[in-house]
Amino acid sequence: MKKLLIIFISLVAFQLNAQDLPYFKRAVKELSSSRYQGRGYARGGANKAGKYLEREFRKAGVDEVTLQPFSIDINTFPGAMEMWADRKKLRAGVDFSMREYSPGVKGEFPVYHVDTLNFDGDKLLADLAKAENAGCLVCCDFWFTYKHRKVFSKLQKAGECPNAGLLLTWEAPIKFFKAYGEKVVDKPIDWVTPEAIENVKRVKLNVENEFLNDYELFNVVAKVEGERHDSCYVFTAHYDHLGNLGRKVYYPGANDNASGTATVLTLARHYATHRPAFDMYFVAFSGEDANLRGSTYFAEHPLVPLSQIRYLFNIDMIGDDNPVLYCELSDAGMGEYPRFEKLNQELHLFEALNRGALAANSDHYPFAVRGVPCIFLENKEGHAFPHYHTPSDNRKTVCWDSYEPVFKLVTAFIDHR
Ligand SMILES: [Zn+2]
């Protein structure tokens, strides 16, 4: 009986020692709920989520929580968001969305479909200069305009061409991006699916933007003191997301990146109750979807000297079910890559790790370029991936499969030395 009791107690202790899937799910659902309106800027959703994280870190029993403020200029769409194509009403976030640096727009416009088969930039500009084409919206495939961006960038500027704006086609599901929203161009730019705009002659738009100057955001930094203070481990994840596209649509971002944020919360809860050998930092960044602003600010104003970071783990979008885990490492972190692979195999976590080239795609990057040993973990191209940056990245489409193996991989990396 006594033996059984000991087994039972050690099983419970093991559970307490380990990952916490029910808490993880609760946190993902909370952060992606309508309360936070997609953790964007115009409605204060990001900062509200930051306050929630501060409370959760404190409840976890960490030794210290610091809010690190910084500010950004950012274009937002909190108001009207309506579009009609030849009188057919389109759905915001499904059939169309706005380029992040688009101004608002109200009115009815003829549509000029660019002939991409017989394309000639000079001819296009000459044609658009004709009186009969004045005030039109120029419609073209996004990648084509990217290829010919010298010509098409003129169509964004006042005084260069009399067109009213641009309609860029992007295959469904239509995406929304915020990365370059720190400015507003002269003319509206509207993403639309090829199906929604095919053969359409006239478009009506009613879109309101609001440009926020010096809008204050903050990183949430929790610390658990270890036995040694001369160096530390850092877990990071961004908690901001894309916010609103008009009054009705918001981007829940359950996978991107409530999943990584919730993982970091559970890691803080774990280490707060199991005193680690080294100091541990748990950093929830804001401003990531506005071009890595929070992590860049932290890397420039670190709360711990970057040279003292033994390893940094950035977790972004692990709410997916691909049996292979994607990762990127900094040059300084590469020496440990074989150990990640070995632990992954020994603990039977993922089928494999798939290492890609380092890129400025998430919050590890500002640290990687400053010589910090780090790894970026992302689970992509599973069932949740098609919902990336759409309003359907929500609690129903997020996958729970990768949380436990990611948790085990990073904790084993630290604890099995
Ligand atoms: Zn992300």
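A: In helix α9, the buried residues are R293, G294, S295, T296, Y297 and F298, where a residue is buried if 20 or more other C-beta atoms, placed from the backbone, lie within 10 Å of its own, exposed if 12 or fewer do, and partly exposed in between. This is a predicted model, in which local features need pLDDT of at least 70 and side-chain atom pairs count only at pLDDT 80 or more, whereas totals for chains, interfaces and linings use all residues. Residues are numbered from 1 along each chain as its sequence is written. Helix α9 spans residues 293-300, and because six of its eight residues are buried, the helix is largely enclosed by the rest of the structure. Helices (H or I, at least four residues) and strands (E, at least two) are DSSP runs, numbered from the N terminus.

What lies over the buried residues of α9 includes β1, β10 (210-224), β11 (228-238), β14 (278-285) and α11 (365-368). One of these, strand β1 (residues 64-76), also gives the most to the side of domain 1 that touches domain 2, with three residues. The domain assignment, which is automatic or taken from a database, gives domain 1 as 19-74 + 213-415 and domain 2 as 81-207. The contact between them takes 16 residues from domain 1 and 13 residues from domain 2, two residues being in contact if their C-beta atoms, placed from the backbone, lie within 7 Å. On the domain 1 side, nine of these residues are nonpolar, four polar and three charged; Ala, Val, Leu, Ile, Met, Phe, Trp, Tyr, Cys and Pro count as nonpolar, Asp, Glu, Lys and Arg as charged, and the others, Gly among them, as polar. The C-alpha centres of the two domains lie 35 Å apart.

Two strands pair if DSSP finds at least two bridges between them, and β16 pairs with strand β17 (residues 352-355) in the parallel sense over four bridges, with V324 opposite A352 in β17. Strand β16 is also joined by four bridges to strand β18 (residues 374-378), in an antiparallel run, and here L329 stands opposite I375.

The other strand is β7 (residues 165-169), in which five of five residues are buried. In a regular strand the side chains alternate between the two faces of the sheet. In β7, G165, L167 and T169 point one way while L166 and L168 point the other way, and all are buried. Strand β7 pairs with strand β6 (residues 137-141) in the parallel sense over five bridges, one of which sets D141 against T169. Four bridges also join β7 to strand β8 (residues 189-192), again in the parallel sense, and L166 has I189 of β8 as its bridge partner.

These parts belong to a protein chain with 12 helices and 18 strands. Of its 417 residues, 47% count as buried.
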